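Good morning, and thank you for coming.

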Amino acid sequence: MAYDEFERVYEVTGRDYANAGRASTSIKDILKNLGVHPAVVRRTAIASYEAEMNVVMYAVRARMSLRVSPTAVTLEVQDEGPGIEDIDLAMQEGYSTATPEMREMGFGAGMGLPNIKRNADVFDIKSEVSRGTRLLISIAQAA
Amino acid sequence: MNPQTSCHHPLRFDADKCDGCMACMRACPTAAVRVRKEKAWMLADRCIDCGECIRVCPGRAVVPLTDQMADLSRFSCKVAIPSPTLYAQFDPDVSPGEVFAALKLCGFDDVEGPSRACDMVAAATEIFLSEYRGQYPLISSFCPTVVRLVQVKYPALVEQVLPVVAPREVSARDAKARKTAETGLPEERIGTVYITPCPAKMVAILEHPGMERSYLDAAVSISDLFRPLVTAITKVRGGGSTATTAETSSGVNWAFLGAVPRSLRAADSLSVAGLSNVIRILDDVEKGRLRGYRFIECHACGEGCVGGCLTVENPYVARSKTIRLTQKLPAASPELRSEVERRWRNGEFFMDAAFSARPLRPLDENISRAIAKMTQKEAFLAELPGIDCGACGAPSCHAFAEDVVQGEADRHACVFSLQRALAAQVEELASLVQGTRRSAGGEDQ
């Protein structure tokens with residue numbers, strides 16, 4: 001049923017550190033308001049925050065879409081940006097292309113993508129160099 | 001399970017005094033107040049007992065439900081357990097010994113100073129942290145409002161709430177044991193009474209989250225005791241010397257934020273005070289952002305307990321006075337550490353029950369219906385002006401939209417919605433009138 005899904009789209013801007021994290025806070029609030037299980041809320045919160053920060057640090061801008069159905073929470077992040085050259089490498093824990101500036105802000109531990117994957121039941125990432133990256137994750141809800 | 005069934009709140013809205021000014025509604029950090037028919041009322045499951053409404057009400061219509069001295073007559077022996085913030089309410093020259101003597105003049109049989117328990121709990125926290133292997137950061141549990149906030153708004157974080165007993169409870173348990181031995185009275189005849197800077201401690205006594213029971217029997221507010229204490233202090237000071245106490249600088253330091261991080265001397269701990277700041281920090285914890293910190297000390301009130309809504313002195317002045325007092329007090333005895341270690345092995349500082357999550361009621365228990373309501377809510381919210389004027393009796397357009405979707409408010413309670421509906425009706429009437437005139441044969445000209 002088409003009505004059985006809630007959708008919210010966020011625009012995230014690259015380098016906008018002052019507002020970084022707002023989308024993931026809003027996502028968390030929506031999921032709680034919908035009565036999603038606290039464990040699922042937390043996994044989504046961690047994954048969406050990492051994804052949002054990846055956009056803020058590396059991309060120009062992105063559309064982050066949250067979709068909630070009775071069976072799953074889905075997050076799709078489509079960004080315009082440099083893309084990822086070697087996804088397998090980027091998925092390795094500890095691998096990071098963070099600049100010294102990002103590291104100074106406490107990021108760049110190379111745990112972003114691995115952390116997103118760890119918290120997701122479905123994880124799909126596609127990237128085109130100098131175009132952008134599309135990340136799709138889904139977390140199942142017990143019916 | 002209804003989250004409201006075992007929900008106590010330490011305050012009451014007095015409808016006779018309330019003139020519906022909405023100050024409390026605007027100040028409430030969890031949107032738990034509504035104003036209907038010019039009276040404020042509380043959504044019990046949303047309230048986290050922070051006391052902001054008490055602080056801002058110009059008509060004193062929000063009444064804190066702490067105990068009065070007369071309520072304590074059921075005890076044969078009454079032991080006062082002052083919050084460390086009590087000292088900072090008086091002139092900086094007043095010593096803890098004089099405060100103890102004044103408390104006795106006000107009707108207490110004995111006083112258990114707070115420092116010893118604070119020092120022991122700081123040491124117990126250090127031991128716990130050194131043995132802990134779970135998720136970081138741990139969140140302090142000493143402020144009952146913070147505990148309630150986690151239970152209600154951050155249910156996934158309840159496992160990260162520090163399971164170390166609060167100093168006031170350690171004081172109460174030790175005082176009960178000491179007085180039972182001294183007087184031979186049964187434990188229930190000995191009343192342990194917290195002298196409290198906030199009403200939230202009442203809830204901690206009634207609901208004792210994380211503990212099988214509370215060792216405190218009652219809580220009397222600092223603001224209620226202030227005037228009798230000032231009178232008594234004057235008498236005490238006129239009467240010559242008073243006994244010295246075992247108060248310590250590190251113990252009295254618990255009056256304002258940062259006591260535990262200060263005693264841990266650890267760079268990987270932080271302290272945060274004021275609910276909006278605490279909420280931002282807990283949001284970050286929930287997003288996995290602050291994993292590099294081991295311990296976060298959280299206080300609902302600005303500056304920590306000195307900012308409690310039932311204190312008298314300005315929190316910044318109180319903090320300054322506390323620092324001045326601590327400079328005159330000795331440090332904690334180094335022997336205390338071995339006592340804490342021994343008692344820690346007996347499990348004495350460890351909470352004996354689990355913290356339960358009590359998440360806010362969602363839009364609907366059924367997720368499909370919740371999704372449908374969320375869609376309705378968003379659609380209705382888009383029609384609202386978004387200026388959070390409060391005239392509808394809800395603190396924000398967002399809260400109002402939710403109330404309407406839940407059938408708890410009428411959409412025309414919004415003056416803008418009403419205006420639009422009226423305008424539409426007027427237009428309809430006008431066209432009706434015009435139609436009638438036309439069919440009556442153009443009488444106007």
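Predicted model: local features only at pLDDT ≥ 70, side-chain atom pairs only at ≥ 80, totals over all residues.

Let us begin with chain B. Its secondary structure comprises 16 helices and 11 strands. Along the principal axes, the C-alpha atoms of chain B fill a box of roughly 105 × 50 × 40 Å. Chain B has 445 residues, and 48% of them count as buried.

I turn now to chain A and to two of its helices. Helix α1 of chain A covers residues 22-33, and helix α2 of chain A covers residues 38-58. Their axes are 8 Å apart, and the helices pack at an angle of about 160°. How do α1(A) and α2(A) run relative to each other? An angle over 145 degrees counts as roughly antiparallel, and α1(A) and α2(A) are therefore roughly antiparallel to each other. The crossing of α1(A) with α2(A) is right-handed. On the side of α1(A), the contact is made by Ala23(A), Ser24(A), Ile27(A), Lys28(A), Leu31(A) and Lys32(A). On the side of α2(A), the residues are Val41(A), Thr44(A), Ala45(A), Ser48(A), Tyr49(A) and Glu52(A). Sorted by class, this contact has 6 nonpolar, 3 polar and 3 charged residues.

The next topic is the contact of the two chains. Here 21 residues of chain A are in contact with 21 residues of chain B. On the side of chain A, the elements that give two or more residues are α1 and α2. Which of the elements gives the most to that side? It is α2(A), with 7 residues. By class, the side of chain A that touches chain B has 11 nonpolar, 5 polar and 5 charged residues.

Helix α4 of chain B covers residues 115-131 and helix α6 of chain B covers residues 167-183; their axes come within 8 Å and cross at roughly 120°. These two helices are therefore oblique to each other, and their crossing is right-handed.

Another helix of chain B deserves a moment: α7, residues 200-207. Why is α7(B) described as largely enclosed by the rest of the structure? The reason is that 6 of its 8 residues are buried. These are Ala200(B), Lys201(B), Met202(B), Val203(B), Ala204(B) and Ile205(B). Among the elements of chain B that cover them are α5 (144-153), β8 (190-196) and β9 (218-221). After α7(B) comes His208(B), whose phi is positive, near 30°.

I close with two loop residues. Glu303(B) is found in the loop between β11 (295-299) and α12 (315-328) of chain B. Is Glu303(B) buried or exposed? It counts as buried, because 20 C-beta neighbours lie inside 10 Å. Leaving aside neighbours within four places in sequence, its contacts are Phe256(B), Leu257(B), Ala273(B), Pro315(B), Tyr316(B) and Arg319(B). Arg319(B) is 16 residues from Glu303(B) along the chain, and their C-alpha atoms are separated by 7.9 Å.

Val60(A) lies in the loop between α2 and β2 (61-68) of chain A. With 13 other C-beta atoms within 10 Å, Val60(A) is partly exposed. Not counting residues up to four places away in sequence, Val60(A) touches Gly14(A), Glu80(A) and Gly81(A). Thank you for your attention.

Key
Residues numbered from 1 in each chain as written. Chains lettered and ligands numbered in written order. Helix = DSSP H or I, 4+ residues; strand = E, 2+ residues; numbered from the N terminus. Buried ≥ 20, exposed ≤ 12 C-beta atoms within 10 Å, placed from the backbone. Axes fitted to C-alpha atoms, helices over the stretch in contact; angles between N-to-C directions. Parallel < 35°, antiparallel > 145°, perpendicular 65-115°, else oblique. Left-handed = near helix turned anticlockwise from the far one by under 90°. Contact = placed C-beta atoms within 7 Å. Nonpolar A, V, L, I, M, F, W, Y, C, P; charged D, E, K, R; others polar.
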